[in-house]
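Subject: Structure for you to look at

Hello,

Here is the structure for you to open. Please keep it on screen while you read the notes that follow.

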Amino acid sequence: LAARYSERLCLRVRPRGPSTLIVCTCPSTKCAVNYAGWSVVGRDVPNPDLRFDPSHRFHEEGWRSTMASLNGKVAIVTGSSSGIGRAIAERFAHDGAIVVVNYHAKEDRAKQVVTGILAKGGKAMAVQADVSLIAEGRRLVSDALRQFGRLDILVNNAGHFLPKPLAQTTEPEFDRIMALHAKGPYFLMQEAANVLKDGGRIVNISTVGTRMNFPGATAHLGSK
């Protein structure tokens, strides 16, 4: 579950066992973070791979000063009408990027993200595309180029959680999740790679679930 606490994005993860792990983006000028850049709030992290070293601290202002400006850069963030995708889109806009807010079905939410970015002086537009389909992904890139004339960043974030055991997963469900998390992003990367400006970036979002090895989501974890 994704939720906003003040100016940070938090995720609640329920691994095997009774524990609940809360991970949050850094909320202040100084915080403890794990290797992935998230602060961990909570206790009893059952998987040792997910433990973090409290000595790993940094000052947010110093971190920001090392970041290159995104002014004038054009970024596509798939699945950015809510959750992590929305947080990424809003941060990119905050740092000066022009953001293409991609959505599949939730047009109203995507428009809310765009409206919020514009209200803060940023630039963004919403583009509908089912990125599990190769043709739709290509159209998404084409729309961004037609509107803004360039592409600098692609974030493959769109996703859907399929919590079903192997024995109960149907072939259509398997095909759909693989298309959304693997096939679609692969060919979207291909399309973007052909037009990215020098210094461009492609970011693929995976899941901490691949490190936690929890049961009951084989197709989902395999696709990630």
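Buried means under 20% relative accessible area, exposed means over 50%, and partly exposed is in between (1.4 Å probe, protein chains only). Helices (H or I, at least four residues) and strands (E, at least two) are DSSP runs, numbered from the N terminus.

This is a predicted model, in which local features need pLDDT of at least 70, side-chain atom pairs count only at pLDDT 80 or more, and totals for chains, interfaces and linings use all residues. Residues are numbered from 1 along each chain as its sequence is written, and side-chain values use heavy atoms, with hydrogens and water left out.

The buried residues of α4 are Gly137, Leu140, Val141, Asp143 and Ala144. They sit on the same side of α4 because they cover an arc of only 155° around the axis; the arc is that of the directions from the helix axis to the C-beta atoms. An α-helix has 3.6 residues a turn, so residues three or four places apart point the same way. The buried residues of α4 pack against β7, β8, β9, β10 and α5, where contact means heavy atoms within 4.5 Å.

α4 covers residues 134-148, and its 15 residues reach 21 Å from first C-alpha to last, close to the 21 Å expected at 1.5 Å a residue. The expected span is 1.5 Å times one less than the number of residues.

Helix α2 (residues 83-94) has Gly85, Ile88, Ala89, Phe92 and Ala93 as its buried residues. Seen down the axis, these fall within an arc of 130°, so they line one face of α2. They pack against β7, β8 (98-103), α3 (107-119) and β10. After α2 comes glycine 96, with a positive phi near 105°.

Leaving out residues up to four places away in sequence, alanine 75 touches Phe92, Ile98, Val99, Val100 and Ile153. The C-alpha atoms of alanine 75 and alanine 89 are 8.2 Å apart, although 14 residues separate them along the chain.

**Strand pairs**

Two strands pair if DSSP finds at least two bridges between them. β8 and β9 (residues 123-128) run parallel and are joined by six bridges, with isoleucine 98 opposite lysine 123 in β9. From β8 the chain crosses through α3 to β9, and this β-α-β crossover is right-handed. Right-handed means that, with the strands pointing away from the viewer, the path from the first strand over the helix to the second runs clockwise.

β10 (residues 151-156) pairs with β11 (residues 196-204) in the parallel sense, over five bridges. Leucine 154 stands opposite isoleucine 202 in β11. With helix α5 (residues 171-193), β10 and β11 make a right-handed β-α-β unit.

**The whole protein**

The protein has seven helices and eleven strands. Of its 224 residues, 38% count as buried. Among contacts with a separation of 6 or more, 61% are between residues 24 or more positions apart.

Regards
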